[in-house]
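Here is a friendly walk through one protein model, meant to be read with the structure open beside you.

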Amino acid sequence: MRAATAGPPRPKLMYLVTEDWFFASHFLGFARAAVAAGFEPVVATRVRDHRAAIEATGARVVPVDVERRSVGLVAVAATLARYRAVIAAERPRIVHCIALKPVLLGGLVARILRVPGLLLAPTGLGYLWVAAGPAAATVRTATRWFVADVLAGSRTRFLFENRDDAVALGQDPVDERRVTVVMGAGVAPEAFPASPDPGGAPIRVAVVARMLRMKGIADAVAAVRLARGAGYDVVLDLWGAPDPGNPDAISPAELRAWSQEPGIVWHGRTDDPAAVWQRSHIALLLSHGGEGLPRALVEAAASGRPIITTDVPGCRDTVEDGQSGLRVRPHDAAAASQAIARLAADPDMRRRMGREARARFERAMTDVAVNTRVVDRYLEMLAGDSRP
């Protein structure tokens with residue numbers, strides 16, 4: 001990683017992200033690397049419980065109360081006004097917008113205010129890209145046009161977690177002058193050390209995710225029911241909380257009802273995913289789509305666990321089918337059940353795939369690999385900014 005020239009004042013880099021928990025769970029490494037490279041990071045976000053974790057990186061937190069779920073004209077106008085106020089007050093050299101809503105609204109404000117450098121990072125395209133019907137298709141078309149024709153100026157760069165998302169938003173994933181594709185937000189290898197397959201029975205199949213329908217949680221429950229019905233001694237461990245700000249959230253009542261069934265356990269949110277993977281045999285995520293690159297699958301790969309996931313953007317990028325795990329069609333509980341049965345019955349296959357998952361992680365998904373490419377992009381943007 002190249003070092004920026006030290007000396008006051010440090011170039012200011014602003015992260016626009018809706019929720020502090022999202023930045024704290026995925027992007028602290030970006031802030032640390034930016035500090036090490038000589039930037040002054042500012043995280044503009046709705047502050048709940050994670051200010052201290054963000055500030056421990058050396059970044060400064062600026063509260064911006066933006067509601068993810070509100071999409072009406074009044075809410076959009078309020079969000080634009082808040083983004084305008086914080087960007088105008090801070091005058092950053094670079095604005096890094098994280099997730100689709102900050103990309104669209106924060107990106108627009110940054111363009112209007114002529115911020116020298118704009119980095120748009122959708123992370124994942126979310127529910128909008130898996131929703132069916134003409135209304136959703138119209139919104140997707142409008143979003144693609146807005147990003148490609150309104151936000152994509154000469155000083156705009158893009159950061160994607162998979163190539164499919166770049167294409168979906170009208171960008172060329174091989175255009176390295178404008179587009180950077182990284183394998184997620186990066187995970188520290190030492191935080192998720194590879195550990196041997198736990199062995200024994202039952203075979204524990206873990207899902208670590210927000211409890212959303214688009215994450216395929218109901219498909220995971222159905223798949224394990226089928227596997228158990230076929231005589232396989234498997235247990236599904238669901239780790240994650242419902243997301244009350246998301247219209248796709250599964251209710252706690254439904255999760256508790258599933259947890260009453262034999263072989264299905266909803267544990268709620270975990271603060272120690274590394275421990276989850278150490279005691280699990282198989283990682284599972286049957287997402288319907290809209291992912292960037294699921295962090296839970298990167299952490300599972302780092303831990304040396306074979307992965308069963310769907311053949312959708314983001315998820316498929318984490319797995320070489322038949323090598324580090326198995327891919328199945330989305331919405332296909334029967335296929336997922338068969339994949340679970342294969343791995344449950346073959347510990348040698350689990351161990352072989354787990355070793356390959358760790359090797360694949362070490363090649364491209366570590367925090368150093370990702371942070372180096374992101375900070376190099378910051379420095380390239382800074383070099384093109386003539387403002388003192």
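In which helix does R342 lie? R342 belongs to helix α12, which covers residues 333-345. Please keep in mind that this is a predicted model.

**R342 and its surroundings**

- Leaving out residues up to four places away in sequence, R342 touches L326 and M349.
- R342 and A359 are 17 residues apart along the chain, and their C-alpha atoms are separated by 22 Å.

**Helix α13**

- Helix α13 runs over residues 347-364, which makes 18 residues. From its first C-alpha to its last it reaches 26 Å, close to the 26 Å expected at 1.5 Å a residue.
- The buried residues of α13 are M349, R350, M353, G354, A357, R358, R360 and F361. Looking down the axis of α13, you find these buried residues within an arc of 165°, so they line one face of the helix.
- On the face of α13 turned away from the buried side sit the exposed residues D348, R355 and R363.
- The cover over the buried residues of α13 includes the strands β8 (203-208), β11 (282-285) and β13 (325-328), along with the helices α11 (295-302) and α12.

**Helix α6**

- Helix α6 spans residues 134-151 and has 18 residues. Its reach from first C-alpha to last is 24 Å, close to the 26 Å expected at 1.5 Å a residue.
- Which residues of α6 are buried? They are A136, R140, T143, V147 and L151. Seen down the axis of α6, the buried residues fall within an arc of 80°, so they line one face of the helix.
- P134, A135, T138 and D149 are exposed on the other side of α6.
- Among the elements that cover the buried residues of α6 are α5 (100-112), β5 (117-121) and β6 (156-160).

**The second largest pocket**

- The second largest pocket holds about 210 Å³ of space. It is lined by 12 residues, and the closest to its centre are R111, R114, V115, P116 and R155.
- Two elements, α5 and β5, each give at least two residues to the lining of this second largest pocket.
- Sorted by class, the lining of the second largest pocket has 4 nonpolar, 4 polar and 4 charged residues.

**Backbone features in the loops**

- As background, most residues other than glycine have a negative phi, and most peptide bonds are trans.
- A99 is not a glycine, yet it has a positive phi of about 85°. You will find A99 in the loop between β4 (94-98) and α5. A99 counts as buried because its relative accessible area is 19%, and buried means under 20%.
- T123, also not a glycine, has a positive phi of about 65°. T123 is placed in the loop between β5 and α6, and at 13% relative accessibility T123 counts as buried.
- The peptide bond from A201 to P202 is cis, with omega near 0°. P202 has its place in the loop between β7 (179-181) and β8.

**M214, a buried loop residue**

- M214 is in the loop between β8 and α8 (217-229). Is M214 buried or exposed? M214 is buried, with a relative accessible area of 7%.
- Setting aside neighbours within four places in sequence, M214 is in contact with G126, Y127, V130, D248, S287, H288, G289 and G290.
- M214 and Y127 are 87 residues apart in sequence, and their C-alpha atoms are 7.1 Å apart in space.

**V74 in helix α4**

- V74 lies in helix α4, made up of residues 73-90. With a relative accessibility of 70%, V74 counts as exposed, since exposed means over 50%.
- The C-alpha atoms of V74 and R256 are separated by 36 Å, and these residues are 182 apart along the chain.

Terms used
Residues numbered from 1 in each chain as written. Predicted model: local features only at pLDDT ≥ 70, side-chain atom pairs only at ≥ 80, totals over all residues. Heavy atoms only, no water. Helix = DSSP H or I, 4+ residues; strand = E, 2+ residues; numbered from the N terminus. Expected span 1.5 Å × (residues − 1). Buried < 20%, exposed > 50% of the residue type's maximum accessible area, 1.4 Å probe, protein only. Arc of directions from axis to C-beta. Contact = heavy atoms within 4.5 Å. 1 Å grid on protein atoms, 1.4 Å probe; cavity = no way out; pocket = protein on both sides within 12 Å on 5 of 7 lines; lining within 4 Å. Points joined across faces, edges and corners; volume = space filled by probe spheres on them. Nonpolar A, V, L, I, M, F, W, Y, C, P; charged D, E, K, R; others polar.
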